[in-house]
Amino acid sequence: MVTLFGVFLLTLLVITAVGILRAEHLFVAVMLTGIFSLQMAAMFFILDAADVALTEAAVGAGVATVLLLGALALTNDRERPSGIRPWWPLALIAAATLLVIYATFDQPRLGDPDAPVHQHVAPWYLEETPRLIDVPNVVTAILASFRGYDTLGELFVIFTAGIGVLFLLANPSKGGALSLSQSAESQGLRHHLVPRVVGRLVVPFIVLFGLYVQFHGDYGPGGGFQAGALISAGIILYALVEGESMALKALSFRVLAGMIAGGALLYVGVGIAGILLGGNFLDYSVLSADPVAGQHLGILLVEAAVGLTVTGVLLTIFHSFAARDQKS
Amino acid sequence: MEVLLDIISWVLLVSGGAFVFIGGVGALRMPDFYTRMHAASLTDTLGTILVLLGIILQAGFTLSAVKLLAVMVFLLLTAPTAAYALANAARLARLAPERRALDD
Amino acid sequence: MYLAATVAILVTMALALARALLGPTVYDRVLAVNMFGTKTVLLLSVIAYLYDRPDFIDLALAYALINFIGVLAVLKFVQDFTLRHKDAEH
Amino acid sequence: MMEYLGLYNYWVFAVLLMLGLYAVISRTNLIKKLIGMTIFQAAVFLLYISMDKVEGGTAPIIQSHMPGQLYSNPLPQVLILTAIVVGIATLSLGLAIVIRISEAYGSIEEDEIRKMDNA
């Protein structure tokens with residue numbers, strides 16, 4: 001039965017994607033992207049990927065729409081109506097689609113326990129996590145400990161993207177810093193009573209929930225990536241209802257830059273601490289007398305580092321877009 | 001007792017589903033934007049309450065029941081806020097001098 | 001019984017998607033996105049019980065908390081848009 | 001019948017992948033291209049997450065009170081979890097570049113920008 005739900009949702013997913021493609025009004029495309037993200041999250045949940053669904057929820061609902069709308073406000077919300085489209089891209093794409101679909105007939109069907117993916121390292125992770133790391137959430141264990149090196153790389157990609165956005169959008173004439181003027185637009189939605197009251201009420205709960213997701217990530221779905229996205233969504237909400245300058249008073253650019261760099265440094269620092277204590281890079285077992293307790297400590301620190309950097313980067317990007325809005 | 005609880009949550013879940021569905025039909029069939037919004041948001045809140053109450057009855061006194069209650073409370077707070085914001089945005093744009101740019 | 005509710009929610013999702021694709025104004029589409037969001041919250045709650053993993057209500061809670069941020073962003077977008085055009089006229 | 005339903009996820013993956021690619025190669029609007037890129041990305045996410053499902057399994061959070069429970073494969077989930085956040089970071093980098101292009105050229109249509117470059 002659940003498979004049928006999945007089929008239904010996937011069909012809606014394809015329809016939405018076609019709708020996004022056909023929308024000439026970019027604003028409409030952004031709204032449909034929001035629906036697309038909701039469908040993806042539901043689909044991930046049906047396919048047993050609770051952690052991934054939570055990430056998609058936090059990123060898709062809170063951050064992606066706001067960033068896309070911010071970019072539309074700075075550019076143009078209409079696509080130029082196109083004349084005659086050349087036929088060859090469509091033909092090429094149709095042929096390639098058929099080719100990929102032909103290739104899928106060699107795939108093991110959905111949920112096949114004998115599929116090659118499930119034979120290699122995954123059973124080992126599932127069996128050894130309770131003994132070596134002793135956290136219930138295997139996804140967190142792999143993310144932070146077994147494949148901590150991968151996650152370090154991902155963290156630096158996010159770090160670099162944040163720095164890149166700052167380089168592109170910061171205003172050099174003001175010493176490289178972004179500045180906000182108290183113009184009418186930076187007031188946000190202050191004169192709308194209902195969003196303001198509800199927003200002020202909900203923001204603390206979002207941040208609290210973010211912290212819960214951060215520190216409960218060993219036991220349930222959650223971790224630094226989800227928590228970072230959730231907390232930045234909360235702060236973005238605050239910025240929307242109270243104006244960007246108020247949000248910057250709460251978390252200034254200096255603090256955000258500190259969070260970005262501090263998170264990255266903390267992650268590397270935990271790795272180096274492992275070397276200094278006689279283990280390998282990012283080997284947490286040596287961090288404490290008991291290897292399992294060391295693993296717990298290492299995962300806690302690494303997830304905190306991820307949460308710090310993700311929050312810092314997403315908020316920096318949001319504020320960069322918003323500050324650009326003030327100037328133009 | 002068990003049977004009674006089951007029956008009540010059956011009724012709640014099914015009627016909640018029915019209200020959700022009616023809201024969906026209303027949002028599709030109503031003639032203009034504001035009436036569509038009315039259909040969507042009004043039955044949205046009622047459907048939400050019924051469905052979530054039905055699940056809470058099944059959950060009993062557990063942590064997840066508290067979480068479900070929180071989901072309900074936050075939905076009831078945020079969904080009308082979103083409806084307010086949306087109605088306001090639509091009204092603002094109608095009054096705006098450049099209405100063609102925002103109309104489809 | 002969860003199945004009945006799930007089917008109703010999924011059908012409503014399809015209806016909301018139809019509204020999002022038909023338009024005709026952009027606000028209808030935003031309305032559809034918002035509807036889709038609340039329906040997703042319900043769907044996740046129901047499926048968590050259908051799967052008998054009630055600890056996954058966290059996901060529904062996340063959506064319940066942050067789903068309306070998108071609509072508030074739309075309000076701010078429209079507000080800035082109209083402001084800018086008023087500025088341009090004067 | 002079930003044999004083909006079991007492949008449906010991969011077909012949707014193929015269609016979404018190619019729809020995203022089509023948006024990138026056929027549209028001239030730069031933001032539309034970026035949105036196409038996110039569809040392409042989502043297709044890849046879907047492929048990985050479809051591969052993680054095990055029949056009768058549940059999310060890989062070990063339930064000590066249910067010994068012998070089957071779990072889905074956690075590894076693809078780890079990869080995609082980080083990829084989603086990386087995806088939004090790269091998307092915003094792309095949007096930042098588009099904003100700068102728009103400020104410099106006054107247009108976000110690729111062919112108009114090219115014309116201005118050649119002129």
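A:Phe105, D:Tyr8 and D:Trp11 form one aromatic cluster. Here, rings of Phe, Tyr and Trp (its six-membered ring) pair if their centres lie within 6.5 Å, with planes under 30 degrees apart called stacked, over 60 edge-to-face and the rest tilted.

A word on ground rules: this is a predicted model, where local features need pLDDT of at least 70 and side-chain atom pairs pLDDT 80 or more, while totals for chains, interfaces and linings use all residues. Residues are numbered from 1 along each chain as its sequence is written, chains are lettered from A in the order written, and side-chain values use heavy atoms without hydrogens or water.

Over all chains there are 14 aromatic pairs.

The model has 8 cavities of 30 Å³ or more; a cavity is a set of points on a 1 Å grid over the protein atoms alone where a 1.4 Å probe fits but cannot get out, and lining residues have an atom within 4 Å of a point.

| Lining class, largest cavity | Count |
|---|---|
| Nonpolar | 11 residues |
| Polar | 8 residues |
| Charged | 1 residue |

Ala, Val, Leu, Ile, Met, Phe, Trp, Tyr, Cys and Pro count as nonpolar, Asp, Glu, Lys and Arg as charged, and the others, Gly among them, as polar.

Methods:
1 Å grid on protein atoms, 1.4 Å probe; cavity = no way out; pocket = protein on both sides within 12 Å on 5 of 7 lines; lining within 4 Å. Points joined across faces, edges and corners; volume = space filled by probe spheres on them.
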